[in-house]
Amino acid sequence: MISDYFNLAFKNLKHRGVRSWLTLLGIFIGVVAVVALIGLGAGLKTAINSQFGVSTTELITVQAGGVTFGPPGSGAANPITTNDLRIISNVNNVDLAIGRNIGTLKIEFRNEAVAFISAGSLPSGKEERDFVHEANQAEVMDGFLLEEGDTNKVVLGYSYSVKNKERGAVEIGDKILLNDKTFRVKGILRKTGSFITDYMVLLNEAPMEDLLDYGDDLSLIVVKMKDKDLMDKTKLDIENALRRYRDVKVGDEDFVVSTPAASLKTVNSILTGIQIFIVIIAFVSVFIGVIGIVNTMGTSVVERKKEIGIMKSIGARNENIFWQFFIEAGLLGFVGGLLGVIFGTAITVFGIFGINYQFGTELVPDINLFLIFFALLGSFCVGAIAGIIPAMNAAKQNPVDALRG
Amino acid sequence: MLMEKEKTKNVIIELKNIFKYYRMSEDVLVKAVDGISLSVKQGEFVAIMGPSGSGKSTCMNMVGSLDVPTKGHIFLDGVNISELHESDLAQIRGKKIGFIFQSFNLIPNLTTLENVALPMMFQGIGSEERKSRAMKFLKLVELDSREDHYPNELSGGQKQRVAIARSLANEPEVILADEPTGNLDSKTGKIVMDFLEKMNKSGRTIIMVTHDPDLAQEYADVVYWLKDGKVEKTTRRKPGQKKLNRKLVENIAETGVSGRLRASSHVDTLGGKEEVD
């Protein structure tokens, strides 16, 4: 008997107009959001990690505190300086403390100003340089990395090697102007997928100082530890040392000491925020979908009043009519959910494909069959629940009145 | 469930002093059926005639257990259906009664086969049996070749034949036909009436509402003329007589029409005057 109701409901759905199908949009969007969100979960994390420059290298970074715009440390009231670098170098378990400057420079290709970009300095010393390269995933795709003596040479991020409207593709040996000073391109970095590193310009400390004249100020300090297992303790020690040196109390710090775990926490909280937002959208969509189905089924009861009368005249009981409309409403929801699952899965697959392409990862779409099953079941239930009141109205129609239409 | 069994010999439908009133407002009470008593024997072909608003359809609805009387009792096959609950009435409609409507009333989204099989679904008959039985009835009305067609692909006459097949689906004892030829031309109407006659000859009781005295004269065993919610006249075929007397039926109809023209003069004729031809 249940299969007969499904069969009848399916036939009725097939003959429905566009208006009825549009009411599915709510459930469709809700399911798309949930399926895509979960399917893309791991990919989103990778993408956000890359975009925010969260390194997998276990290092501690120190920056000036407060809200700043532009490169790290820029505009801070009390910047980090080489003195802080010296203090940190003396903290237990600190192997290397490297001061780095990151500044905004005007970049020109073939005498045409293209953009203001972020340029990062490379420190002196092989170990320091290697560590900075490693932390930034800086590997050359073409040409060479900078050597310590290179004063008028730069290494560019991957994005400059890609041809765009404003300029052609930059090649090794090309001349570029940074703040009106000429440099030659020595190397182009591999793609990392991060906007920060793919658009980065690396140059040595001395020419960077020439261009920006930052004196003793540093944008950030990168700390390499002797024992990575003592990361949390080292972070606390650095904080204590800087508090003492800068004479600030706990809670009033004008600097920030971050570890990958802390950065990851920030990223995760951003991701959670995004997820909550999408889940809210999904709930609102489903709620709108429910109202749509109630409306559509209510209209359907009025439009099909005569059909209800006919069914009653040939022996349909009230419960037969109820189940008929109830299952039809459920199927409406199910179709919305099915379309949502298909579209959501497509977004997941193409999204992961895009992330893999952009960030060079090898992620696999997380297509969860349980999720799909519950999304479809949930869609059916939501539709059916939305159909309860219209189905009750249909069932209690007086046969004679209903037959008049 | 109140099910009063009364054994009545050979009588399948019995209306005992039936009233159906509709209260339109505090002051206005419409007496759609105003004390009708009649009985229908098994296998009879009954025609109910009368002007518009005389209570024909209301009467049919109550006999068909689509509606219940305000007062009085209706017995169908000995069961008092006037006091049954809606779900029991639905059971009776499904099992014991087949409806044929003037406007065919097929479900547009279903094929002819599915339309015919639908009443069986409500009786819990399995899908395969439904199909084979529906095909049998479609064959009976010579539309088995149109099993996959939708109602909008059929002519009026074909639709009514599908409706006839559907009315037979649960092999009911009584067929109620409300103006079955009202939307058909005379030639198609004749075909439909011949099918109804065939069903009657196979033992089914037919109650037909019609405005057409020719149909009543040609096919009916009994004609009830209703006026103002009462049976005004009854004409019954004599044993051995093939058809009703044409003049008598026409006379009834003419009296009815003139009665309708004289609508203000209300004559209380409870039970009506019976004329046997």
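Contact here means heavy atoms within 4.5 Å of each other. The structure is a predicted model.

**Chain A**

Chain A contains 15 helices and 13 strands. Its radius of gyration is 31 Å, well over the 22 Å that the globule rule gives for 405 residues, so chain A is more spread out than a compact globule. Along the principal axes, its C-alpha atoms fill a box of roughly 95 × 50 × 35 Å. Of the 405 residues, 49% count as buried. Among contacts in chain A with a separation of 6 or more, 79% join residues 24 or more positions apart.

**Where the chains meet**

The size of an interface is often given as the accessible area lost when the parts come together. Here the area buried between chain B and chain A is about 2,300 Å². Carbon and sulfur atoms give 62% of that area. On the chain B side, Asn109(B), Met121(B) and Phe122(B) lose the most area to chain A. Together these three account for 28% of what that side buries.

In terms of contacts, 26 residues of chain B meet 22 residues of chain A. The rule finds seven residue pairs in polar contact across the interface, both residues being at pLDDT 80 or more. Two elements of chain B give two or more residues each to the side that touches chain A: α2 (86–96) and α3 (112–121). The largest share, six residues, comes from α2(B). By type, that side of chain B divides into 12 nonpolar, eight polar and six charged residues.

The rule also finds two salt bridges between chain B and chain A. One of them pairs Asp4(A) with Arg130(B).

**Arg130(B)**

Arg130(B) lies in helix α4 (residues 127–140) of chain B. Is Arg130(B) buried or exposed? Arg130(B) has a relative accessible area of 9%, so it counts as buried, the cut-off being under 20%.

| Partner of Arg130(B) | Kind of approach | Distance |
|---|---|---|
| Asp4(A) | salt bridge, closest N and O atoms | 2.7 Å |

Which residues is Arg130(B) in contact with, leaving aside its neighbours within four places in sequence? They are Asp4(A), Ala117(B), Met120(B), Met121(B) and Ile125(B).

Terms used:
Residues numbered from 1 in each chain as written. Chains lettered and ligands numbered in written order. Predicted model: local features only at pLDDT ≥ 70, side-chain atom pairs only at ≥ 80, totals over all residues. Heavy atoms only, no water. Buried area = accessible area lost by both parts, 1.4 Å probe. Salt bridge = Lys/Arg side-chain N within 4 Å of Asp/Glu carboxyl O. Polar contact = N/O pair within 3.5 Å; in protein donor to acceptor, adjacent residues only side chain to side chain. Helix = DSSP H or I, 4+ residues; strand = E, 2+ residues; numbered from the N terminus. Nonpolar A, V, L, I, M, F, W, Y, C, P; charged D, E, K, R; others polar. Rg over C-alpha atoms; globule rule 2.2 N^0.38 Å. Buried < 20%, exposed > 50% of the residue type's maximum accessible area, 1.4 Å probe, protein only.
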